[in-house]
Amino acid sequence: MPPDSRTTASVRPMRADARRNYDRILTAAAEAIAEQGAEASLEEVARRAGVGSATLHRHFPSRQRLLEAVFRDKVEDLCAVAADLAADPDPGRALATWLGAVARHAVSNRGLAASLMRGAHDGDPAWGATCHTMITDAGADLLARACRANAARPEVSITDLLTLVNAICLAVEHDPDGTTHADRLLTLALTGIRPEGPQVVNR
């Protein structure tokens, strides 16, 4: 649930009409982003939601806040996948599987990868403290396991890998079979993160 709508001692719950506007804006934003990407017009989002620009900005003071709300569920799903994969006896396979899941989410939700990476570069503390941190922490744990198992080079960072996923997803953004193409490119690219020398294969 978005932070805005949580009920705490210091935050009042939304009125019913405000909650409806909030939900309509999120639905409209998800539709617009799926069609036009993360740079979809905020005016178009407001029009689809049937609200004024002032109402949209009251709920979401910046584009990044709106993107965070739209993509939060996607990020939470990816974190859950990472937690499940932490039990995989093959850390290298677990990391590759998770990066594939990130790529598939990014291809099917245009702008997700770029938005996740933007949190690392634009200095937005709200974004950096939430979705970006969630996704990088989840991936960093899998990468650390892979490094300990000699399944990834120690100099590779999770930011490197997310940047790689982002680049692949942008490359296939307009491909009608983007998910399959992204999987193939990611499989090819990941051979470059493995240490040189013979690999241990778990059977």
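Read along the sequence, the chain follows the pattern α-α-α-α-α-α-α-α-α-α, with ten helices and zero strands. Helices (H or I, at least four residues) and strands (E, at least two) are DSSP runs, numbered from the N terminus. The model is predicted: local features need pLDDT of at least 70, side-chain atom pairs count only at pLDDT 80 or more, and totals for chains, interfaces and linings use all residues. Residues are numbered from 1 along each chain as its sequence is written, and side-chain values use heavy atoms, with hydrogens and water left out.

**Overall fold**

- Of the 203 residues of the chain, 44% count as buried; buried means under 20% relative accessible area, exposed over 50%, and partly exposed in between (1.4 Å probe, protein chains only).
- Among the contacts in the chain with a separation of 6 or more, 66% come from residues 24 or more positions apart; contact means heavy atoms within 4.5 Å.

**Helix α1 and Leu26**

- Helix α1 covers residues 16–36, and its 21 residues reach 30 Å from the first C-alpha to the last, close to the 30 Å expected at 1.5 Å a residue. The expected span of a helix is 1.5 Å times one less than its number of residues.
- Ala18, Asn21, Tyr22, Ile25, Leu26, Ala28, Ala29, Ala32 and Ile33 are the buried residues of α1.
- These buried residues of α1 pack against α2 (42–49), α3 (53–59) and α4 (63–85).
- An α-helix has 3.6 residues a turn, so residues three or four places apart point the same way.
- Leu26 lies in helix α1 and is buried because its relative accessible area is 18%.
- Leaving aside neighbours within four places in sequence, Leu26 is in contact with Phe60, Leu66, Ala69 and Val70.
- Leu26 and Leu66 are 40 residues apart in sequence, and their C-alpha atoms are 7.7 Å apart in space.

**Annotated region**

- UniProt, in an unreviewed entry, places the feature "DNA-binding region" at residues 41–60. UniProt positions are given in the numbering used here, feature names are shortened, and annotations may be inferred rather than shown by experiment.
- In the model, residues 41–60 are 75% helix and 0% strand, with the end C-alpha atoms 14 Å apart.

**Helix α8 and Leu142**

- The 18 residues of helix α8 (residues 131–148) should span 26 Å at 1.5 Å a residue, and the end C-alpha atoms are 26 Å apart, which agrees.
- Cys131, His132, Ile135, Thr136, Ala138, Gly139, Leu142, Leu143, Arg145 and Ala146 are buried in α8.
- Leu142 is placed in helix α8 and counts as buried because its relative accessibility is 1%.
- Not counting residues up to four places away in sequence, Leu142 touches Ala82, Leu85, Ala86, Ala94, Leu95 and Trp98.
- The C-alpha atoms of Leu142 and Ala94 are 7.0 Å apart in space, although the two residues are 48 residues apart in sequence.
- Asn150 follows α8 and is found in the loop between α8 and α9.
- Phi of Asn150 is near 60 degrees, a positive value in a residue other than glycine.
- Asn150 is partly exposed, with a relative accessible area of 47%.

- Ala87 is in the loop between α4 and α5 and counts as exposed because its relative accessibility is 66%.
- Ala87 and Leu142 are 55 residues apart in sequence and 9.9 Å apart in space, C-alpha to C-alpha.
- Ala106 is found in helix α5 (residues 91–108) and counts as buried at 6% relative accessibility.
- Along the chain, Ala106 and Asn166 are 60 residues apart, and their C-alpha atoms are separated by 7.8 Å.

**Packing of α9 and α10**

- Two packed helices are described by the angle between their axes and the distance between the axes.
- The axes of helix α9 (residues 158–171) and helix α10 (residues 178–190) come within 10 Å and cross at roughly 145 degrees. Axes are lines fitted to C-alpha atoms, for helices over the stretch in contact, and angles run from 0 to 180 degrees between N-to-C directions.
- Leu164, Val165 and Ile168 of α9 make the contact with Ala182, Leu185, Leu186, Ala189 and Leu190 of α10.
- By class, this contact of α9 with α10 has eight nonpolar, no polar and no charged residues. Ala, Val, Leu, Ile, Met, Phe, Trp, Tyr, Cys and Pro count as nonpolar, Asp, Glu, Lys and Arg as charged, and the others, Gly among them, as polar.
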